[in-house]
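Subject: Structure handover

Hi,

Here is the structure for you to look at. My notes follow below it.

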Amino acid sequence: FLEIGAANPEQTEAHRNSFDRLIILDLSFERLDKSTGCAAVSADAQSLPFKNNSFDGIVTHHVIEHIDDDRLFLSEIKRALKPGGFAIIGTPNRERLARVFADIFTGKRKFPWWEHKREYTKEDLQNLKADAGFKDALIYSKFFGLHSHSLIAGFSRCPGLLERWCNFLFLVLVK
């Protein structure tokens, strides 16, 4: 299994406990936690340094919104996955509740913004997955509420009626 954007030690630890063999990858080698016991690789996710059909699964969270070419990124993920392999791609929802409130006071955010090349809505991911050519795809929402580094208030599962304003979107793809 491959974790792309493996700069979060807690996330990597959860993946390491879930998968028998995990390789962690980040653009910056310094950001990788080498104490995990996982093979650590520094590379651009738009040009993965692995052979075709190398992985049973690929996970990535908070990466696709930083990538210059999101379609190339998905193409590389598809190339690196074995037939029947899966990818889970998590990203912030552009229409999350906190962003809606911030837009009221600061105006609509224009992209690229800070380090994000773009952010996605569920509809954006629907269009992206349609172009990606995977066998199966699913999009789901996670966490409804407000959060900062010191405060988290909300629901882990996003109530259906409020799904549009959840914080995170996950794109699950099967090759």
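Does His116 count as buried or exposed, and what is its relative accessibility? This is a predicted model, so keep that in mind throughout. His116 counts as buried because its relative accessibility is 10%, and the cut-off for buried is under 20%. His116 sits in the loop between H3 and H4. Its side chain makes a polar contact with the side chain of Glu119, at 2.7 Å. Beyond its neighbours within four places in sequence, His116 touches Glu65, His66, Pro92 and Phe111.

Now the core. The largest nonpolar core has 33 residues. Leu2, Ile4, Leu48, Phe55, Ile58, Phe73 and Ile77 have the most contacts inside it. Several elements each supply at least two residues of this core, among them strand E1 (2-4), strand E4 (55-61) and helix H4 (122-132). H2 gives the most, with four residues.

A second, separate core has seven residues, including Phe19, Leu22, Leu32 and Val59.

Last, the surface. Val100, Phe101, Ile104, Phe105, Leu146 and Trp165 form a nonpolar patch there. Together they have about 600 Å² of accessible area. Helix H3 (residues 97-106) gives the most to the patch, with four residues. Phe101 is in helix H3. Phe101 is partly exposed, with a relative accessible area of 41%.

Best wishes

Technical notes. Residues are numbered from 1 along each chain as its sequence is written. This is a predicted model: local features need pLDDT of at least 70, side-chain atom pairs count only at pLDDT 80 or more; totals for chains, interfaces and linings use all residues. Side-chain values use heavy atoms; hydrogens and water are left out. A nonpolar core is a set of buried Ala, Val, Leu, Ile, Met, Phe, Trp, Tyr and Cys residues joined through side-chain atoms within 4.5 Å. Buried means under 20% relative accessible area, exposed over 50%, partly exposed in between (1.4 Å probe, protein chains only). Patches are made of residues with over 30% relative accessible area and no salt bridge: like charges are joined within 9 Å, nonpolar side chains (Val, Leu, Ile, Met, Phe, Trp, Tyr) within 5 Å. Accessible areas come from the Shrake-Rupley method with a 1.4 Å probe; for residues, only the protein chains shown count as cover. A salt bridge is a side-chain nitrogen of Lys or Arg within 4 Å of a carboxyl oxygen of Asp or Glu. A polar contact is a pair of N or O atoms within 3.5 Å; within protein, one must be able to donate a hydrogen and the other to accept it, and residues adjacent in sequence count only if both atoms are side-chain atoms. Contact means heavy atoms within 4.5 Å.
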